[in-house]
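Work through the exercises below with the sequence and the structure in view. Try each task before you read the solution that follows it.

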Amino acid sequence: MKFKTSFAAALLAATMMSGAASAKTFVYCSEASPEGFDPGLYTGGNTFDAAAHTVYNRLLEFKKGTTETEPGLAESYEVSDDGLQYTFKLRPGVKFQTTEFFTPTRELNADDVIFSYERMWKADNPWNKYVEGASWEYFAGMGFPDLLASIEKVDDMTVKFTLKRKEAPFLANVAMPFASILSKEYADKLQADGKMNQMNQMPLGTGPFAFVAYQQDAVIRYKANPDYWGGKQKIDDLVFAITTDASVRYQKLKAGECHLMPYPNAADVEAMKADPNLKIAEQEGLNVAYLAFNTTQPPFDKVEVRKALSMAINKQAIVDGVFQGFATPAKNPIPPTMWSYNDAVEDDKYDPEAAKAALEAAGVKDLSMKIWAMPVARPYMLNARRAAELMQSDLDKIGVKAEIVSYEWAEYLDKSRAKDRDGAVILGWTGDNGDPDNFLDTLLGCDAVGGNNRAMWCDKEFDDLVTKAKEASDQAERTKLYEEAQVVFKKQAPWVTIDHSLSIVPMRKNVEGFVQSPLGDFAFDGVDIVE
């Protein structure tokens, strides 16, 4: 990619602070490079932060600091009595961003909404495979291809979605990052010019910040969108200074080279709290970390083996060693702060002797396996390499030899989806919409195998329960079904559930307006720097 803005200029911007006379520049020391800039293609939070929450909007948005939806690009909606039709009335006067690489000639209309969904939905859409290997993982994993009957343009400012069945989380789902609304006019121009891949490299939307430039693995630059329908931002320029090492992020924060950072080392938090130039936001994370077996591959296709390995792993030691008190051991695949959490479920107790005996009873001897360790910090797993080392030591005690492997983050996510993947992979999830469906079906449903379901686990009893829960409108009924599903999950053990962590966000004292998200988002609309 070639941009008029040089890397040197971008790097200079990354060190600018708020004292500049002409502009306010906010620098975010982000933890990883984005996989791309089309939110529909990916599931990584770092990618959503760099694209969905800067450049784009959705029909509905989540109210800041909550999991409640509010009007976004749709100013209102109506739901039919049978719960199968959702009609969205679009907000008038919404402009797409004007950038160095594209100048729009019209405002948002129904064509943009239909394009944004149909490219993910319809295999014959020219944009369905515009990126090699595109799987629209979120759209597919949440069952949208089987859920949607039609998307119709009622008029220029009205879109009607017709569903094949009731879907209780539907409104929350359309507020999620993967459902961001793109410009059909920009897409048509790229297609005509033979530059379709540019959609994933140089994004253009309706959001609070317009994309300026990206230097791979170093810097992303944005400018405030002067035509933003929600009002121009208080900061003029936004910079993501990509800094993969948490210790280096902390040093930059202390030195005033960035204003805010994610995912600090647990060992640094007390010092951060004592620093008069910093302040800390913290809250219970809506998250879970897990070790997912590939349940289609021997010997992990045997539930007895999975349960044995689960009993062999000392989760409290991982919580103590990696989080130093900022997490709790997990027993369920949803966090305890989420409605329908089944506290009556009993966790597999750490018992190496029982684990060893269970493996022998299953006829498994001299087992060697791989543990995949994430290369980046996420809220649910601050140091996967350290966690993997502790697991490796635990497994060695029961005669299981574990090799730790890792890959660059985008490659890690891609390779771990392979249905014939070997070993067990450390991953996790921060809820996207506050609904249990977003964990239980998205991560463990049959539709998600080969996508978000890294355990490749398709259990009919479990899948029937979460599908029924989706279609039920009464929350008490949904709660009962999800509680039953958690019992089935624990019995079958496709994962070792590891932890639920606190979400901790350090920032400079002069940052105002940043609202910590229960969904783990880092969004900078409404943020200011004060002296």
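**Exercise 1. In which order do the strands of the open sheet of 4 strands lie, and how do they pair?**

Step 1. The order across the open sheet of 4 strands is β4-β5-β7-β6, and the pairing is antiparallel; here strands (E, at least two residues) and helices (H or I, at least four residues) are DSSP runs, numbered from the N terminus, and two strands pair if DSSP finds at least two bridges between them. The model is a predicted one, in which local features need pLDDT of at least 70 and side-chain atom pairs count only at pLDDT 80 or more, while totals for chains, interfaces and linings use all residues. Residues are numbered from 1 along each chain as its sequence is written, and side-chain values use heavy atoms, with hydrogens and water left out.

Step 2. The edges of the sheet are formed by β4 (74–79) and β6 (148–155), each of which pairs on one side only. From one strand to the next the twist averages 20°, where axes are lines fitted to C-alpha atoms, for helices over the stretch in contact, and angles run from 0 to 180 degrees between N-to-C directions.

Step 3. Helix α3 (residues 110–121) packs on this sheet and touches β5 (85–90), β6 and β7, its direction making about 165° with that of β6; touching, or contact, means heavy atoms within 4.5 Å.

**Exercise 2. Which residues stand opposite each other where β7 pairs with its partners?**

Step 1. Strand β7 (residues 158–163) pairs with β6 in the antiparallel sense over 6 bridges, and the two strands form a hairpin with 2 residues between them. Asp-155 stands opposite Thr-158 in β7, and Leu-148 stands opposite Leu-163 in β7.

Step 2. β5 also pairs with β7 in the antiparallel sense, over 5 bridges, and the bridge partner of Thr-87 in β7 is Lys-160.

Step 3. Of the 6 residues of β7, 5 are buried, so β7 is largely enclosed by the rest of the structure; buried means under 20% relative accessible area, exposed over 50%, and partly exposed in between (1.4 Å probe, protein chains only).

**Exercise 3. Why is strand β17 described as largely enclosed, and over how many bridges does β11 pair with β17?**

Step 1. In strand β17 (residues 495–508), 13 of the 14 residues are buried, so the strand is largely enclosed by the rest of the structure.

Step 2. Strand β11 (residues 278–284) pairs with β17 in the antiparallel sense over 7 bridges, and Gln-283 has Ser-503 as its bridge partner in β17.

Step 3. Strand β12 (residues 287–293) runs antiparallel to β17 and is joined to β17 by 4 bridges, with Trp-495 in β17 as the bridge partner of Ala-292. Strand β13 (residues 327–329) pairs with β17 in the antiparallel sense over 3 bridges, and Pro-329 stands opposite Asp-499 in β17.

**Exercise 4. At what angle do α10 and α12 pack, and which residues meet?**

Step 1. Two packed helices are described by the angle between their axes and the distance between the axes. Helix α10 (residues 303–312) and helix α12 (residues 352–361) pack at about 160°, with their axes 8 Å apart.

Step 2. The two helices α10 and α12 are therefore roughly antiparallel to each other, since angles under 35 degrees count as roughly parallel, over 145 as roughly antiparallel, 65 to 115 as roughly perpendicular and the rest as oblique.

Step 3. Val-305, Ala-308, Met-311 and Ala-312 in α10 meet Pro-352, Ala-354, Ala-355, Ala-358 and Leu-359 in α12. By class, this contact has 9 nonpolar, no polar and no charged residues, where Ala, Val, Leu, Ile, Met, Phe, Trp, Tyr, Cys and Pro count as nonpolar, Asp, Glu, Lys and Arg as charged, and the others, Gly among them, as polar.

**Exercise 5. Is Tyr-263 buried or exposed, and what is its phi?**

Step 1. Tyr-263 lies in the loop between α8 (246–255) and α9 (269–274), and at 6% relative accessibility Tyr-263 counts as buried.

Step 2. The phi of Tyr-263 is near 50°, which is a positive value in a residue other than glycine.
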